[in-house]
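Student: Could you give me a close look at one part of this model? I would like to hear about the pairing of charged side chains, and to follow it wherever it leads.

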Amino acid sequence: MIQTILLKNRPKGKPTLSDFQFVEEKKDLNLQEGEILLETTYISVDPYLRGRMSDAKSYVPPFEVGKPITSGIVAKVIDSQNDKFQQGDYVSGMMDWKTQQVSKGEGLLKINKDLAPLSAYLGILGMTGLTAYCGLTQIGKPKAGETLVVSGAAGAVGSVVGQIGKILGLYVVGIAGTDEKVVMLTSDFGFDHAINYNTTEDMGTALKTACPDGIDIYFDNVGGPISDAVLFNINKFARMIICGAISVYNNTEIPKSISVHPFLVKNSALMQGFIVSNYSEKFPEAMKQLSTWLMEGKLTYKETVVEGFENTPQAFLDLFEGKNKGKMIVKV
């Protein structure tokens, strides 16, 4: 039996388990020429999926109600009628939340399980690492000696951004939500300083103390009041990289925030949003560099691995409670 997870309802506010539906189906999986049969090994759950559950216009089409949810997946080829893929190969790409599925191989990348653990291709050697590398280097344009602040720093992207910042000679400050994560940022990932936003009454003052030379680059994964506080501490020609806004994804009303215009004008600062596909031409360069740093021991990564296909929706919901350290992955 093949298990599939569908979007049952469009969430209002924070998603719940009732917004997902499990179905089982018995399908004839006899392959046609050019097709491969895939068995899901790992599933990536990511905050951006929340946006695709709504029907608002965005940079990717929304999920359809009653249809499978899709995300980054690592799968094993268990049968093939496609000359480009052999039985036993592992691939990564955007696929349905299914235990097994048939594909023509389009958009799939063969991956090497001997170079790194398979799950790494959904994280540091996948879209996570590419997002961190491209956002920081292409928009942040870092120069050695500058100060980088990262929000959502203990998450998948943020933890990689901070490490790349250190490799490139930056002073790096991370913002996270628990004391345990704050310790992890400095001890495991090499950040120079970290701030627990949940126990900090005045984030603006905390940032001023942590960044005595001001903030040159801000890599924003959260939006909201934390990002507002950063504005009061940016330097002239600061670059603000807007990668995500998890703090407001579940809002049912338009959030109120301070106007960024005076800060941008006064400091001749740049604020730019992006999606990683904007920099697809940089992917080969980024993958080569990330792989090199990983093999050299200059990069490390954390994963929160949830066991069981049936726990995929809960793993996704746990992102909004900050229960992940590094990349949140489901092992099927």
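Tutor: Let's start with Asp-318 and Lys-323, whose side chains meet in a salt bridge at 3.8 Å, N to O; the term asks for a side-chain nitrogen of Lys or Arg within 4 Å of a carboxyl oxygen of Asp or Glu. The model is predicted, so local features need pLDDT of at least 70 and side-chain atom pairs count only at pLDDT 80 or more, while totals for chains, interfaces and linings use all residues. Residues are numbered from 1 along each chain as its sequence is written, and side-chain values use heavy atoms, without hydrogens or water.

The two partners of this pair sit in contrasting surroundings. Asp-318 is buried, with a relative accessible area of 14%, whereas Lys-323 is exposed at 53% (buried is under 20%, exposed over 50%, partly exposed in between, with a 1.4 Å probe and protein chains only).

Asp-192 pairs with Lys-166 at 2.9 Å, N to O. Asp-192 belongs to the loop between helix H4 (179–187) and strand S10 (193–196), and Lys-166 to helix H3, so this contact ties together parts 26 residues apart in sequence (helices, H or I of at least four residues, and strands, E of at least two, are DSSP runs numbered from the N terminus). Both ends are partly exposed: Asp-192 at 34% relative accessibility, Lys-166 at 31%.

The loop between H4 and S10 also supplies Asp-188, which forms a salt bridge with Lys-302 (3.0 Å, N to O). Lys-302 lies in the loop between helix H8 (283–295) and strand S14 (303–307), so here the parts tied together are 114 residues apart in sequence. Asp-188 is partly exposed at 36%, and Lys-302 likewise at 32%.

A cavity here is a set of points on a 1 Å grid over the protein atoms alone where a 1.4 Å probe fits but cannot get out; lining residues have an atom within 4 Å of a point. The whole structure shows one cavity of 30 Å³ or more, and the largest cavity has about 60 Å³ of space. Helix H3 (residues 156–167) gives the largest share, three residues. By class, the lining divides into four nonpolar, four polar and two charged residues.

Key
On a 1 Å grid over the protein atoms alone, a cavity is a set of points where a 1.4 Å probe fits but cannot get out, and a pocket is an open set with protein on both sides within 12 Å along at least five of seven lines; lining residues have an atom within 4 Å of a point. Grid points are joined across faces, edges and corners, and a volume is the space filled by probe spheres set on the points. Ala, Val, Leu, Ile, Met, Phe, Trp, Tyr, Cys and Pro count as nonpolar, Asp, Glu, Lys and Arg as charged, and the others, Gly among them, as polar.
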